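Have the structure open as you read.

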Amino acid sequence: MLRQAVIMAGGFGTRLRPLTLRRPKPMVPVVGMPIMERVVRHVRRYGIRRLVCLLYHQGEHIRNYFGTGAAWDVEIEYVQAEADYGTAGSVRNAAELLAPEPFLVISADVLTTLDLAAAFQWHCAHRAMATLLLMRVPHPLPYGIVFTDADGRIVRFLEKPSWSELFSDTVNTGIYVLEPQVLELIPYRQEYDFGKDLFPEMLHRGLPLYGYVGQGYWRDIGNLGEYFAAHRDFFAGRLQLELEGQPRGEGVVCGEGVEIAPTARLSGRVVLGAHVRVGPGAELSNCVLGRGCVIAPGARVLESILWEEVVVGAGAEIRSAVVAAGSRIEEDATVEEQVVIGEQCIVGRGATLSAGVKLWAGKSVEAGAVLTQSLVQEERWLRGVFLNAKVSGIPNVDITPEFAARLGTALGSAIAMGAMVAVSRDPSSVARMVLRALGAGLLSTGVHVADLQVASVPQMRQELRSGRYAAGVHVRRSPRNPEYAELVVFDADGRDIPLQMAKRIERILYGEEFRRVAAHQIGRLSFAERSAESYIERVLAALDREAIARRSFSVLVDYSCGLAAQLFPQILGRLGCRSFALNNIVEAAGECPPLEEPLVAQAMQALGCQVAFRIDPGAEWIAVMDQQGRWYPSMRLLTLVLKLFLLLNVAHEPYAIAVPMAASMEVEQVAAQHNVRIVRVGNSHSAMMEATRDPEVRFVGGTRGGFIFPEFLFAADGMFSAAKLLEMLARSPYDLAELDLQLPRRFQQELLVPCPWGRKAAVLRRALEYPARERLLLDGVKLLLEDGSTVVLFPEQQTAHMVLITDADSEELARQHAQRFAELIQQWQQ
């Protein structure tokens, strides 16, 4: 039997704000009892009495409440971490308090009825080194997803995936049974996570890592939506919990000293803490009231959670809301659905809080006011600031000058005083506004700022490689949604910042732990005036200029009104090319639609051009038209560029080429003629960049016109890609049209298949069970069928659809497979 457990209680509770401003997340009450107390009671029920509690943020609240644990018949020891060591690192930091025997790891913010004894029996029967307790859920995106074989051994693990990476609806609950030897795999006092580091390492080593799919209730109370959902489950009878108090009528439980007026009406499940008073004519339905609450005559509290010492005035109404401790809702006030009120707030007489409003702790709403917007800082960012090193939102709504200044201050506080940060932007007025505010925040922390002004992301990455900077930031209109602004943050080497750095910046921002310097220490602003010149020289140095000049190319370039128009004409000129430009005026706002294919083809013919390029506004991606006036589909362009690269990069030792999972099997057919290894990676640019860390990878080709030549840069660069293509054509005996005729050809069909958000992971799990010759799990699922065709299936990230791509030897076969799997996707949703 398990006898010891580690309780992870160090979280910041950021996504539960404003409820966690004045108490740590484990002390947030669920149905009248702190979440962590429910965890303690649950493990004690299975005979686990020795507990080690890991603290980090506001740990004194937890110590003061639980003490030695004697009141719960357990023994609790505490470890206060000096730094954030990650989930696994925190457990390793407490190793000396654990006996040399198996132990349980459980989060202090999880609400569960899972059978821990059954999980331990499974662990022992399979001789596991680590067993993860798993659950199947309809929305697995916030959790680590897991795939096991028939015996329960974990074969694939992905911590907190994006929609494009879901391959299962079976998730990691954050509850583990571990053998003591596992601690030896975790570095001491270093940031190290279970899901991101330890479990993938165990998989890599082939250690016995198992998953036990549990039955029962489990919910991670990690955000306000989950907090509401847990209480809805309780009110609906889907969740049975231990309650303090005595039954008083059907569905009503009361603590000691509760007073209920005879004319008060109670219905549904109602839990009243000690010394609650309910006045005449008051109505309570499906609600939880904490200790010492007062409900005045005629007040109504429906489907709501009130913490301790909340006062509700006469005639006031609260519907499907949360009101934290010590707050006062005065007479005739109305609190509508999904409102969250922090501690010690006052809602004045007759005031109305509209649905979804949140009040930061200590806020007041005047009498008679109608509040439609939250009185809370950075409402948009409660779910997190960064997504893949980017911060994206609506200008002047989410990304305001005030927010940008605070973000700059947080970034500056995360790096050394006196360091230099490079900044750049696109030509839009939005980017100019945001960057100026961001720069002010950086300067306020004693960090110096070098402004590249209007520059592309590739130019910024190259500038950072000079070694003069601690970080970089580029501000632009989002290439995916022009109505959004986007800030991209880079590390000192020009790569996207790692997750650990993003988390650190977020914590400084949320905790307002800003470094403020004296007036004489404020950073200096300078302008990197030679950045563009340096970039051009780096591009030219990486090319065979003589080979290109000998061909005397005539080139037509559609600049998409973007940043490449500032530099690429100079590059072409110095390469000895004759160039002609379309859409070469850099636009500060608005879209620049591509010209129709016949018009570009006519212009090419009239000007005598051998090739045409279209470079996207951000100068990262390209499209290519041959001399016959055909734009190549991006999948075919990948095959052509790959072949040219292989023809000119013959090596005696094998090397690797990386391509996305969705790329056509043409890639393997072309590579079979050369001494190279094909590595399939995720479909995102981040995954393509990550592939360049492998020193054997010499080329990374994307399916959307992005190409990476690691000897030049570890990221896609549209200007260099176009110039490199000219070099390869100059050194090759073929032109594009001739090469296209010689290469193997496959046919693709791409469909968007409707699929509810909550069924996407289940569809991918069912796809993995489909009979296939081979399976690949990266961004979704790729199946190699018996006839040599492939099927790629992954979730569309912004709509309720699955993306389906089939690849076959004939157009008809690709169409048939697409039709068949579209039908299967519909069936798998059931």
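Start with the rings: there are 19 aromatic pairs here, where rings of Phe, Tyr and Trp (its six-membered ring) pair if their centres lie within 6.5 Å, planes under 30 degrees apart being stacked, over 60 edge-to-face and the rest tilted. Keep in mind that this is a predicted model, in which local features need pLDDT of at least 70 and side-chain atom pairs pLDDT 80 or more, while totals for chains, interfaces and linings use all residues. Residues are numbered from 1 along each chain as its sequence is written, and side-chain values use heavy atoms, with hydrogens and water left out.

**Aromatic pairs**

- Tyr-65 and Phe-66 pair up edge-to-face, with 4.9 Å centre to centre and 75° between the planes.
- Tyr-65 is partly exposed at 36% relative accessibility, whereas Phe-66 is buried at 3%; buried means under 20% relative accessible area, exposed over 50% and partly exposed in between, using a 1.4 Å probe and protein chains only.
- Phe-709 and Phe-720 also make an edge-to-face pair, because their planes sit at 70° with the ring centres 5.7 Å apart.
- That pair links distant parts of the chain, 11 residues apart: Phe-709 is in the loop between β47 (707–708) and α18 (718–731), and Phe-720 is in helix α18. Helices (H or I, at least four residues) and strands (E, at least two) are DSSP runs, numbered from the N terminus.
- Phe-709 counts as buried, at 6% relative accessibility, and Phe-720 is buried too, at 3%.
- Ring pairs tie Phe-645, Tyr-655, Phe-699, Phe-707, Phe-709, Phe-712 and Phe-720 into a cluster.

**Nonpolar cores**

- The largest nonpolar core runs to 74 residues, and Phe-568, Ile-657 and Phe-699 have the most contacts inside it. A core here is a set of buried Ala, Val, Leu, Ile, Met, Phe, Trp, Tyr and Cys residues joined through side-chain atoms within 4.5 Å.
- Another core lies apart from that one, with 38 residues, among them Ile-7, Met-36, Trp-72 and Ile-145.
- Leaving out residues up to four places away in sequence, Phe-699 touches residues including Leu-638, Phe-645, Ile-657, Phe-707 and Phe-709; contact means heavy atoms within 4.5 Å.

**Charges over rings**

- Arg-269 lies over the face of Phe-234, 4.0 Å from the ring centre. The rule asks for NZ of Lys or CZ of Arg within 6 Å of the ring centre and within 35 degrees of the ring normal.
- The charged end of Arg-495 is over the ring of Phe-714, at 4.4 Å from its centre.

- Most residues other than glycine have a negative phi, and most peptide bonds are trans.
- Arg-17 and Pro-18 are joined by a cis peptide bond, with omega about 15°; Pro-18 is in the loop between β1 (4–9) and β2 (29–30).
- Asn-286, not a glycine, has a positive phi of about 45°. Asn-286 lies in strand β19 (residues 283–289) and is buried at 13% relative accessibility.
- Ser-320 isn't a glycine either, yet has a positive phi of about 50°; look for Ser-320 in the loop between β24 (317–319) and β25 (322–323).

**An enclosed helix**

- Helix α9 (residues 457–464) has 8 of its 8 residues buried, so the helix is largely enclosed by the rest of the structure.
- Elements covering the buried residues of α9 include β35 (420–425), β36 (448–454), α11 (531–541) and α17 (685–691).
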